[in-house]
Amino acid sequence: MRIRVLGQVEVSDGQTWSPVTAARCRAVLGTLVAHGSHSVPVESIVHDVWGDSPPGSAVAQTYGYVRRLRLMLGDDGTALRRSDTGYTLVEQHAGVDARHFETAVGDGLRTFEDGQFEQSAEILDQALGWWRGDPFDGAPPGGPAVDLTHRLANLRTTAVEHSFQARINLGRHRAVVEEIQAQLAESPFREPLWRQLLVALYRSGRAAEALQQYDQLRRTFTDELGTDPSPATRAIHQQILEETLPMAETSSRHAASRPASAGEPVAPRPVRQLPPEVADFCGRTAETDAVVRTVTSHDRPGSPVVVVLHGAPGAGKSSLALHVARLVQDRYPDAQFHLGLAGTTSSPRSPDELLATMLHGLGGFGHPLPASTDDRAALLRSQLAELRTLVVLDDAAHAEQIVPLLPPNGRSAVLVTSRRMLADLPGAQHRHVDLLTADDADALLARIVGDERVAREPAEARDIVRLCGFLPLPIRIAGAKLLSRPAWPLRRLRERLEDETRRLGELSIGGLDVRASLDLSLRSLSDDAALAFDLFGLLGPGDLPSWVFGALMGTRAWEPVTDELLDAALLQQVRLDDLGQPRYQMHHLLRVYARQRARDRGADTCRQAVRRVVRSWTLLVDRLRRNRPHSLFDPLDAPRSAPPEALPPWLPYDDTVPPDHAAGTAWTAIERQSLLDAVRLACAHDLTGDAGRLVCLLAPLYDQHALYEDWRTSHQTVLDRPDVDDLAAAALRRGLGQVHVYLGDFATAAGFLRDARRAYQDQDHDLGAALALAGLASVHRCQGEHEAAEAALREALDVVTAAGDVPKEALLRGAVGRILTAQDRLSEARTWLGDAATLAHDIGDTHREAVVLRDLGTLELADGQPTVALRTLEQAAQIFWDLGDERCAAKTLLATAPVLVALSDRERAVASLSEAAAYFRRHGLWDDEARSQKLLAEVSGAVGTTP
């Protein structure tokens, strides 16, 4: 053990124990201990320590306290670990006595339940020996620590009572009498202790004393509480009077002598992901009872109970699984997950993605997670090993999706829905979800359209559900159709269903399929709406803006189509995004069917629709890129001096109204997934050139917003295509090289950049080869190879200057200036940075001017002029804030901190570093965050923050 909180709070470096005397330092430790193995965000620590009104320096002070704790632990970061969301005490390295206590008591209680009283008493007594006093010395800091203190106190009481009972069961009555009396002096109203005392005295041959103790108990309760002892206590008193109390335990589970069970500790922040139950769920009584029995009767300690609900599309598997989950959820208080596996889509979710979702749901994991599926699965098993977990996995494609997600204990349950039986899923129980009964189908329709409407036409209602095959999804579709047409009699819908040419013969007994009811709804649509429905099925599962309907159909008249699809319940408007755009989504079963129908229209129809969508995204991205700062990753074949391509009529912006800077930032965040889906969509329809064009235009946006994973995924997706153009492949490799520079994988980065340079050279593309060389200069700079970096930049700059590319010349001149500053060649650096600033000013590139100002501020500090440096950096920061560029503003704050330290303004330095670190953490810029935290620890440690 390295940390002790059961009494005075103490920390050990492995050699000696040191008390944690500073109140707020103790409060930080208390919060970390209370959250166990879960990561605690810095914001949560601040709230726990300072409440709702923390000082401005609270974050900085928190970092200082963490640093102090690490010093006391002699820790290199293994015991008190930093993650992307906060800090975690790693149990195997930190060794908290409270956690050892909880674990030992749990073991002792389990051995007690198994009737192993000798072993139970030993384990419980050892656990109680770690108790040196009240937790946190009687002054628990912060809400979570208070909760932990109460839990530990209750657990101690339970452990004491079970220890006494174990020895009573072993016949050691005389030995426990005095200990019980001492405990009663602390807890005079604890009846289980009184009952144990009465039994121990009686069995020790001291029946008269037992009766005297009962009289004292009764008087105490009457005088102090105004009540009598409980029936259980009175029953033991009566047995003593009648001399019928057994002189030894006849069963380890004797109700009169068994103390109340302690219950096991639960996760401090249990996961609760179950969505609301389907409001109109009804019936399924037999299936529900069978699944509940399977779950509740499970008795295999080493593996969870797994139930697979399989059946035809639309049979209500998902609703049944959720209904059962709600019925049994109280058995699984520690964690309840609900994941959609997208098994009926063309791209089922991978185990890697599902594992990441569950680990993030547990609240203690940010990037980077382990890379391999096996390592992620092992990490998940470690987190769930002691938890009572319920997992609902909806729409599974195959067993390989499920196996890595299974909890590793028999106190957990997994409910799976799938169109297939998944017979190869080890240890699973399988249940076919069949049709609704006639009565349940009637009740479902009545819940949707109203009891009164069904009561007016009961025969017609029965016919409708029969023609829907007694399947929930078609009945819900039919009910929605009636609900949206209140003037219709039920007879009219029944007549439409009875037309076999409309039902296509598939909505009949023996040939049941959801497609029949879907086709029934589609045949009532206009041609335009049916075309839009089919083509929308080609797109991904995410929600999309409404203009995509115009792109799919090649027309501006798309709004009536979306209205028609909404009325037919074939499309959902799921939300308004942050820019006020309505977002539309299609249910996955509808989307699968729509995609099949689209393919029936011919490959060329699908390909042209996809091309219009992808090119629309491309035009919007190009508009947005032109409104952002110049970038080294601007496509070399798309100069900003050329006028932008005209937008088609279905897009939301015309030539004169491109998105402004702030709206563009929001738009990029909103459409990230849609843009990735568009790249994959283009590749899937052999539109590699269109995909390449889109990702090359996205590169500068990905760079400016630090969207490195999107950058890597999109570029690699296109680069993997066998028909990718040579020049496009060179640009993609250059982009991937830069991504790996940012990720700190310099060997991989250099490989991509060298390949890109060779490819450009093979195509006699001097400018591309020069920019790839500039990328290699970044690799050299990051590895401290300043001379090699300078040589590469100068060579690249010669080509860029000869090409007359002024924006890129300004970028590279600034880069040379930074290298010279790092080499302490300040006079030369000042000249290079001045030239870069002049070029940026001449072309109106305010952003680049601010970047150069930031570099000049660093130079002024190195030149011994901190006052000038501060003024220059503040000017740069203000420009970045005005432009809405938080990333560059954060980097400027990082550069400002050493200047403030040089000016002895350490409080402002701490505030600047804290703000910068928070931004880098939110956006996954781990290297920048690490630099901020390192400097913050140095600065805050020198401030002197003793509470």
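The protein's secondary structure comes to 42 helices and 15 strands, where helices (H or I, at least four residues) and strands (E, at least two) are DSSP runs, numbered from the N terminus. This is a predicted model, in which local features need pLDDT of at least 70, side-chain atom pairs count only at pLDDT 80 or more, and totals for chains, interfaces and linings use all residues. Residues are numbered from 1 along each chain as its sequence is written, and side-chain values use heavy atoms, with hydrogens and water left out.

**The overall picture**

- Of the protein's 947 residues, 53% count as buried; buried means under 20% relative accessible area, exposed over 50%, and partly exposed in between (1.4 Å probe, protein chains only).
- Take the contacts in the protein with a separation of 6 or more: residues 24 or more positions apart account for 67% of them. Contact here means heavy atoms within 4.5 Å.

- An open sheet is formed by 3 strands in the order E4-E6-E5, with antiparallel pairing. Two strands pair if DSSP finds at least two bridges between them.
- At the edges are strand E4 (40–41) and strand E5 (80–82), each of which pairs on one side only.
- E4 and strand E6 (residues 86–89) run antiparallel and are joined by 2 bridges. Here proline 41 stands opposite glycine 86 in E6.
- Helix H3 (residues 58–73) lies across E5 and E6, and runs at about 140° to E5. Axes are lines fitted to C-alpha atoms, for helices over the stretch in contact, and angles run from 0 to 180 degrees between N-to-C directions.
- Threonine 62 is found in helix H3 and counts as buried, at 0% relative accessibility. Setting aside neighbours within four places in sequence, threonine 62 is in contact with Val42, Ile45, Val46 and Trp50.

**Strand E10 and its partners**

- Strand E10 (residues 389–396) is largely enclosed by the rest of the structure, because 8 of its 8 residues are buried.
- Strand E9 (residues 335–340) runs parallel to E10, and 6 bridges join the two. In this pairing, histidine 338 stands opposite valine 392 in E10.
- E10 also runs parallel to strand E11 (residues 413–418), joined by 5 bridges. There, valine 391 stands opposite valine 414 in E11.
- As background, strands of a sheet pair through backbone hydrogen bonds, either parallel or antiparallel.

- Helix H17 (residues 438–449) and helix H20 (residues 472–483) have axes that come within 9 Å and cross at roughly 30°.
- The crossing of H17 and H20 is right-handed. That term applies if the near helix is turned clockwise from the far one by less than a right angle, and left-handed if anticlockwise.
- From H17, Ala441, Leu444, Leu445, Ile448 and Val449 meet Pro472, Ile475, Arg476, Gly479, Ala480, Leu482 and Leu483 in H20.
- Sorted by class, the contact of H17 with H20 has 10 nonpolar, 1 polar and 1 charged residues. Ala, Val, Leu, Ile, Met, Phe, Trp, Tyr, Cys and Pro count as nonpolar, Asp, Glu, Lys and Arg as charged, and the others, Gly among them, as polar.

**A proline inside a helix**

- Proline 700 sits in helix H30 (residues 688–705) and counts as buried, at 1% relative accessibility.
- Not counting residues up to four places away in sequence, proline 700 touches Arg625, Ser631, Phe633 and Asp634.
- Proline 700 and phenylalanine 633 are 67 residues apart along the chain, and their C-alpha atoms are separated by 5.2 Å.

**Two residues with positive phi**

- Most residues other than glycine have a negative phi.
- Phenylalanine 136 has a positive phi of about 60° although it is not a glycine. This phenylalanine 136 lies in the loop between helix H6 (117–129) and helix H7 (142–169), and at 1% relative accessibility it counts as buried.
- Arginine 284 also has a positive phi of about 60° without being a glycine. Its place is in the loop between strand E7 (271–272) and helix H12 (285–296), and arginine 284 counts as buried at 3% relative accessibility.

**Cysteines**

- The structure holds 0 disulfides, a disulfide being a pair of cysteine sulfur atoms within 2.5 Å.
- Cysteine 683 is buried, with a relative accessible area of 7%, and cysteine 888 is buried too, with 12%.
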